[in-house]
Each structure stands twice: as C-alpha cells, then as structure tokens.
Amino acid sequence: MTWAPEDTRATNMPGMPAMAQAYARSVNAHGGIRGHRLRVLTCNERNDSVAAAQCAQRAVDEGAVAVVGSYSQYGRSFMSPLEVKGVPFIGGYGASDEEFQSPLSYPVNGGQASLLAGNGRQLAADCKRVALVRPDTIQGDQMPSLLNSGLQSGSRHPAKDIKAPEDGTDYTPQVTHALDEVGADPAVYGRAKAGGRAPGACVAASLGDHTDAFFDAFRRLQEDSPKVRVASVLGSVGQSLVNRSGGTSGPLEGADITGWYPVADDPRWRPMRKVINDYAFDDNRIDPADQGVQTTWIAYTVLRSLIEQLDDAGVTDITSHALQATLDRGERAIDTGGLTPKLRWRDDDMLAVQDFPRIVNGMVTYQVVRNGELVSAQRGFVNVTRTLEGRRTDDY
C-alpha cells in the first residue's frame, strides 16, 4: 500500500502513489521481485485524520505486507491499525512524529527534523537575523526549535517565529511581518547605502504546497524593500516553483535549500528516471525532482532488497511478519544506490535524537538556486546528527 493526499487545499503528493504504481509495472514486466509479483494498492489520504486511518485499515483488510513510501501528517491515526496487525511502515515522508517513534516504522530519511536543522546550519553561515514562516499546525509548532538547533551551531540567535495558515492564499501579512522582524528597513538599507540589500537578514519559509503563494507575495513586497536572503527546504520549494516564480529574476535566486537526497540531475537517479520514462512517461503526476517521488523510489528499493534477502534465506512466503523480522535483524545493510547512506534499523543504528528515536539517517544535502537552477551548494552529504542530538525544545 502507498497512500498520499491528492486534490486537497493543503499539501498534495500525487506523485508518490503514481511512482509506486510505475515501480510495480517495471518489476512485474521483468518477472517480479525474484519471481514475486508486486501488487500495489493506493489510497487518497486527503490530509485528513479519518481518511488516513481508513487507508491504514484498508491496507490491513486487503492483506498488504507493508505500507511503503507514503505521506501523512496523521501518524497517530494510521500507525495504530498497522501496529495491531504488525504491518511495517517503510520509508514514509517523515511528516508525522509517529514515523520516528513507532517500532513498526522504518524511515529512510531524517524527516522534517533533519531538513530544518540542516537549513538552520546552512543559514548560520551568513544570517544574523532570521525569520521562519511556518504552518500554524501541530507539526509546524516543532519547526522553530529544529531550525534554531542549526542556527545555534553557528552561534546565531533563534529565528523569529511567524505562524501562517496551512491553506492560505495570500501571505502578505506574514511577508510584511517577516521583513520587519529581520530588519529589512528601506530607511536603513536603502539602495544607495547597501546596494538594495539588507546584509545578514534572512527569511525561511516552509509551507508545503502553499510556499509558492508566500513567495508570490514576497516578490511583490520586495520591490519596495531591500533584498534579503531567502531559504526553504525541498518539498516546499523545488525546481518547478523556481521556474514559476521567475527563475533568475525571481525571489528564489540565491536561495539556500536543504534536501535529503542528491540534486535531481545527479546520475544516481538514472534508474528511477528510466522507470518513469519507460512505465509512466505520460503520467504528469510524477516529477522526478519531487522529494515525495524520490522517497517512494527509495522505499521500494528497500522493499525489493528485503524480498531478495528473504529469497536468499529460502523464504518463499512474503509476509508482514517476515519483512519486519528481516528489518529488525538488519543482517544486511540496504544499499540505495548512493541516494542515502546504507540503511538498517537495529537498535544500534538509531540516533539519540530527542522526540525522534527511530531516525537512522541524519544526512542532508545543501543546495542553492543559481542562475535559475537548483544545484549542489557543496559536494556530498552533510551529517546533522549532532545538531539534532543537541537540540533543545525551548529557546536558548
């Protein structure tokens, strides 16, 4: 089973179930996984707690051996039905706390926690004053302390916390508030004095699908204000948003962006792109640069490896219990083709991160918008494990 919200007023991830279906078509066209045909169920989670629970119950009722590469903020609703029946949750998007707490969850990335901690570290190099614009939700309430943990590593002050409606259409008040908080005053930082820039002033925005509405308002207001550095995380910002917002002349030029995985044009994504081209070439739901699509690909790579391990051990009946036991034993680290570090979920592999004990991958990538393109800001992964482990949930 793979679920994700589609056609909602908040965040939508239609590419995740679409990628799962394309993956199934690909492996089944080549005889399945070691002869096992892969059947993928999909479900619209609707950004709704009741629908999330219904998707999980359907997975149980229809005998799914795992939930793979899915998105939901409502872990409290969907994990319980899976835990009762012992169905592992492999490689979710990391949008809910339960994905990093439940013993039945096996995350492939560090979720929102690693992205925001990494983005804070990325900003700490150049930003003296930071404002964070984030959703006024339970998940959004965690964002300031996570970003601040990264800022703290660079001896910066905490970010100003600016709440915004998750499904807003006009973020003019939040843009104005953010610019005021970081000191982007035209009287102080006028074009003659600072070349039209406010040195050390930075605004980070993480609003999911509605980040584009924020930057629409930001672009309008920036015409009358000094330029400030902007930042976000992949999932809220991607290449398509950079293009829509004006490319090199848009507000995202020069933006600091933190992601989980290598940039979209990295050669390590070629196997995924080939599957998309061969088995979903006309499916416009799938954007190979989308982190939801990428997470789903990685999660199914994990599932494939688990089935191969069971086959090597002579196990022919692929069950949820067999998958869970293989994951927990972790006899063989799972290679995702360099898209993540090698993964396993033994007790010794868990990072000591407050509130997120199931994180096993504390790596992120730093990216930047340069000449209208999202490119690597530095080579390789950045390990934010110590930043997360030293995080304080209160202001410092």
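Is C55 buried or exposed? C55 is buried, with a relative accessible area of 0%, where buried means under 20% relative accessible area, exposed over 50%, and partly exposed in between, using a 1.4 Å probe and protein chains only.

Before I go on, a word on the model, everyone. This is a predicted model, in which local features need pLDDT of at least 70, side-chain atom pairs count only at pLDDT 80 or more, and totals for chains, interfaces and linings use all residues. Residues are numbered from 1 along each chain as its sequence is written, and side-chain values use heavy atoms, with hydrogens and water left out.

Now to the disulfides. A disulfide here is a pair of cysteine sulfur atoms within 2.5 Å, and by that rule the count is two.

Let's stay with C55. Its partner is C43, with the sulfur atoms 2.1 Å apart. The torsion about their S-S bond is about -80°, so this disulfide is left-handed. C43 sits in strand 2 (residues 42-44) and C55 in helix 2 (residues 49-61), so the pair ties together parts 12 residues apart in sequence. Helices (H or I, at least four residues) and strands (E, at least two) are DSSP runs, numbered from the N terminus. C43 counts as buried too, at 14% relative accessibility.

On to the other one. C127 is joined to C202, S to S 1.9 Å, and this link is left-handed as well, with -85° about the S-S bond. This pair links distant parts of the chain: C127 is in the loop between helix 4 (111-124) and strand 6 (129-135), while C202 is in strand 8 (residues 197-205), 75 residues apart. Both C127 and C202 are buried.

And the overall pattern? Numbering the protein's bonded cysteines in sequence order, the pairing reads 1-2, 3-4. Thanks, all!
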